[in-house]
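Thanks for asking me to look this one over.

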Amino acid sequence: MYKYLPLLALFFSCHSLPKNQAPGMATTFPVQVWFTTGDRQHLLESRLLPFITHPDNKLPTIEIDAVQKFQTIDGFGFTLTGGSAYLLYRMAAKDRAALLQELFGSGPKAIGLSYLRLSMGASDLDAEVFSYDDLPAGATDPDLQHFSLAADTLHLIPVLKEILAINPRIQLMASPWSPPVWMKTNTASKGGQLKPEFYGVYARYFIKYLQAMQRLDIAITAVTIQNEPQHGGNNPSLLMSALEQADFIKNHLGPSFQAAGIKTRIIIWDHNCDHPEYPLEVLQDPAARKFIDGTAFHLYGGDVAALSQVHTAYPDQALYFTEQWTSSEGQFDGDLRWHAKNVVIGTLRNWSRIALEWNLANDPSFGPHTPGGCTQCLGALTIDGSKVTRNVSYYIIAQAAKGVPPGSVRLASTEPEHLSNVAFRRPDGKTALIVLNDSEAFMTFQVHTGEQWILDSLAAGAVGTYVW
């Protein structure tokens, strides 16, 4: 049945029938499995497993401790870039509706995305650079009289409203790539720093954005201060040091949010794991820290253990993993393995509440993007008119979102050699487990929790999600 998975034969030949199961009676299969293989022969394929009664002590065993609990999960998803929204908006209405239901719905054919990141103004995966207060060269607008969401109303907000109609509980995080250029030291979209005299104005810019979205019944759960504040080579981008970020939060954004009654979470850093000293420096300032909910990370540099380094120093602070791209030049099997191990399992075992891949969609030419923006970013979807191709990051995130809904709590689990995994107790009381076979060979293994035992096998590089 599965060329690499002789599971049922192994079960019936080596293990007794379940307790109270007489010969000839139907076997129950209480474990739901979804799995994806690196050779693409099985893509989020579904099957059922029984519990076993006689475990084999010679097999590697994942032990789940349901008593030892860690962080609560907020969700899984992607960034709905302006380019992604544009491509979705241009689809035929019925095709877009069906796709959005698949992505954000809760039915058996849906993958159940539960978290989206948005850009405040343009990211580099918009067709052009814009902010919400663009002016002629040399002009300024300290009272923000020209603030407008007009650019977002063309595609992003209409698509977002359709998503919210499907899943009203989806959480949204917004991140700026750059403030309006008149607020910057170089008056350009690329690089530069925020002028100190505009710190207060920029705080009001955040508030205007949040209030304008709220009037459209779009609630923003969290904002990061700046996307990749140490990468000034993107278009758009902004450089911001840890001292500048702490100053902006404690003297401007935090008090302004408090005065306006804004409950949106403030999240710092939003950059790579190779510089955990940046968020630690911001959090060392108690006047800033009192306004901060947590720290966001990417993994284009460093080790995912940096999240735990911040957690150890400030255990009351939340952690978020907000971006990792897949390249147009990458290979499905290699990307599936690496991202499952690091972006999903690795971040969650290191206290992250979310796992987000980068862009939701691109066209066949890897656009739209700004001049100087990413030309190789492979979205979860490639959209060509109304034709949709599902790429590797779709399956990376689907393997998590399909079985681990928001509100799930991470449980302790052992990691036998080559079996990277992470376990959860779901809000419905069920247990969920994500497993990667990180070896170069087919592996048979067991899962044990309480009095329950599960036997399964995965091909090399395959990912399985188990719910029971």
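Predicted model: local features only at pLDDT ≥ 70, side-chain atom pairs only at ≥ 80, totals over all residues.

1. As general background, nonpolar side chains in soluble globular proteins tend to be buried together.

2. **The surroundings of L381.** Leaving out residues up to four places away in sequence, L381 touches L99, L103, L360, A361, N362, V388, T389, R390, N391 and Y394.

3. **The disulfide.** How many disulfides does the model hold? The count comes to one. It joins C374 to C377, with 2.1 Å from S to S. The link of C374 and C377 is right-handed, with 110° about the S-S bond. C374 counts as buried because its relative accessibility is 16%, under the 20% cut-off. C377 is buried too, with a relative accessible area of 3%.

4. A disulfide here needs the sulfur atoms within 2.5 Å. C273 itself is buried, at 4% relative accessible area.

5. **Helices α3 and α5.** Helix α3 (residues 93–104) packs against helix α5 (residues 156–166) at an angle of about 55°, with 10 Å between their axes. That angle makes α3 oblique to α5. The crossing of α3 past α5 is right-handed. On the α3 side the residues that take part are R96, L100, Q101 and F104, and in α5 they meet E162, I163 and I166.

6. **Helices α11 and α12.** Here α11 and helix α12 (residues 392–401) pack at about 40°, with their axes 9 Å apart. α11 passes α12 in a right-handed crossing. From α11, the residues F332, D335, L336, H339, A340 and V344 meet V392, Y395, I396 and A400 of α12.

7. **What covers α10.** Which residues of helix α10 (residues 306–313) are buried? They are A306, L307, S308, V310 and H311. Their cover includes the strands β8 (265–273), β9 (294–302), β10 (318–323) and β12 (352–359), along with the helices α8 (277–283) and α11 (332–349).

8. **Two cis peptide bonds.** The bond from N235 to P236 is cis, with omega near 10°. P236 lies in the loop between β7 (222–224) and α7 (242–260). The bond from G367 to P368 is cis as well, with omega near -5°, and P368 sits in the loop between β13 (361–362) and β14 (377–378).

9. **Positive phi values.** L144 has a phi near 55°, a positive value in a residue other than glycine. It is found in the loop between β5 (115–120) and α4 (150–154), and it counts as buried at 2% relative accessibility. D217 has a positive phi too, near 65°. D217 belongs to the loop between α6 and β7. Is D217 buried or exposed? D217 counts as exposed because its relative accessibility is 58%, over the 50% cut-off.

10. **A loop contact at P427.** P427 is in the loop between β18 (419–425) and β19 (431–437), and at 55% relative accessibility it counts as exposed. Its C-alpha atom is separated by 5.6 Å from that of S408, which is 19 residues apart from it along the chain. Leaving aside neighbours within four places in sequence, P427 is in contact with P405, P406, G407 and S408.

Key:
Residues numbered from 1 in each chain as written. Heavy atoms only, no water. Contact = heavy atoms within 4.5 Å. Buried < 20%, exposed > 50% of the residue type's maximum accessible area, 1.4 Å probe, protein only. Axes fitted to C-alpha atoms, helices over the stretch in contact; angles between N-to-C directions. Helix = DSSP H or I, 4+ residues; strand = E, 2+ residues; numbered from the N terminus. Parallel < 35°, antiparallel > 145°, perpendicular 65-115°, else oblique. Left-handed = near helix turned anticlockwise from the far one by under 90°.
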